Amino acid sequence: MDRNQIISKLKDKDDKCAYEFSKEIGAKSAESDAYYSLFDDFIAMLNEKSSYVRTRGFCLACAQARWDSKGKLEASFDKLSLLLNDEKPTVVRQCLSALHEVVLFRPELCDRIREAVLGIELSRYKDSMAPLIRKDAEELLQVLE
């Protein structure tokens, strides 16, 4: 499957299919750098209208942390961190979870991650979601300690 087919499949309107495919790429990314060459494509997905596609792009970019010898995560961090204040609280929660891998493999980004997490504006989310985001953020901050 070529680059365009992969990205197209990740953006598929069938969200269940696209999600399963992204999980497959994430799992393979833990084993090899086979998808690191698509890093810039994953970052480009952050601009998509669909929150599902934005989240997939974020998570897959983070999944490349162990292979990121070129500093692409650091160079893209400002763009990535915007999703920590996404309008959709589920996006924020999934992004916070994905950052655990970055903390593990890119310790040089820990200060920037901490700053971004502390900058999450919880008041913009419903009372039912804000405590969940706060809990996820606190868990990530503990990992950063």
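User: How much of the chain is buried?
Analyst: Buried residues account for 45% of the 145 residues in the chain. Buried means under 20% relative accessible area, exposed means over 50%, and partly exposed lies in between, with a 1.4 Å probe and protein chains only. Please note that this is a predicted model, in which local features need pLDDT of at least 70, side-chain atom pairs count only at pLDDT 80 or more, and totals for chains, interfaces and linings use all residues. Residues are numbered from 1 along each chain as its sequence is written, and side-chain values use heavy atoms, with hydrogens and water left out.

User: What does the secondary structure come to?
Analyst: The chain has eight helices and zero strands. Helices (H or I, at least four residues) and strands (E, at least two) are DSSP runs, numbered from the N terminus.

User: Where is Ile 25, and is it buried or exposed?
Analyst: Ile 25 is found in helix 2 (residues 15–29). Ile 25 is buried, because its relative accessible area is 0%.

User: Which residues does Ile 25 touch?
Analyst: Leaving aside residues up to four places away in sequence, Ile 25 touches Ile 6, Leu 10, Tyr 35, Phe 42 and Leu 60. Contact means heavy atoms within 4.5 Å. The C-alpha atoms of Ile 25 and Ile 6 are separated by 9.5 Å, and these residues are 19 residues apart along the chain.

User: Changing topic, how many salt bridges are there?
Analyst: The structure holds 13 salt bridges, each being a side-chain nitrogen of Lys or Arg within 4 Å of a carboxyl oxygen of Asp or Glu. One of them joins the side chains of Arg 56 and Asp 15 at 3.2 Å, N to O. This pair links distant parts of the chain, with Arg 56 in helix 4 (residues 51–62) and Asp 15 in helix 2, 41 residues apart.

User: Are Arg 56 and Asp 15 buried or partly exposed?
Analyst: Arg 56 counts as buried because its relative accessibility is 6%. Asp 15 is partly exposed, with a relative accessible area of 29%.

User: Which helix holds both Asp 111 and Arg 114?
Analyst: Both lie in helix 7 (residues 110–118), three residues apart, about one turn of the helix. The side chains of Asp 111 and Arg 114 meet in a salt bridge at 3.1 Å, N to O. Asp 111 is exposed at 58% relative accessible area, whereas Arg 114 counts as partly exposed at 24%.
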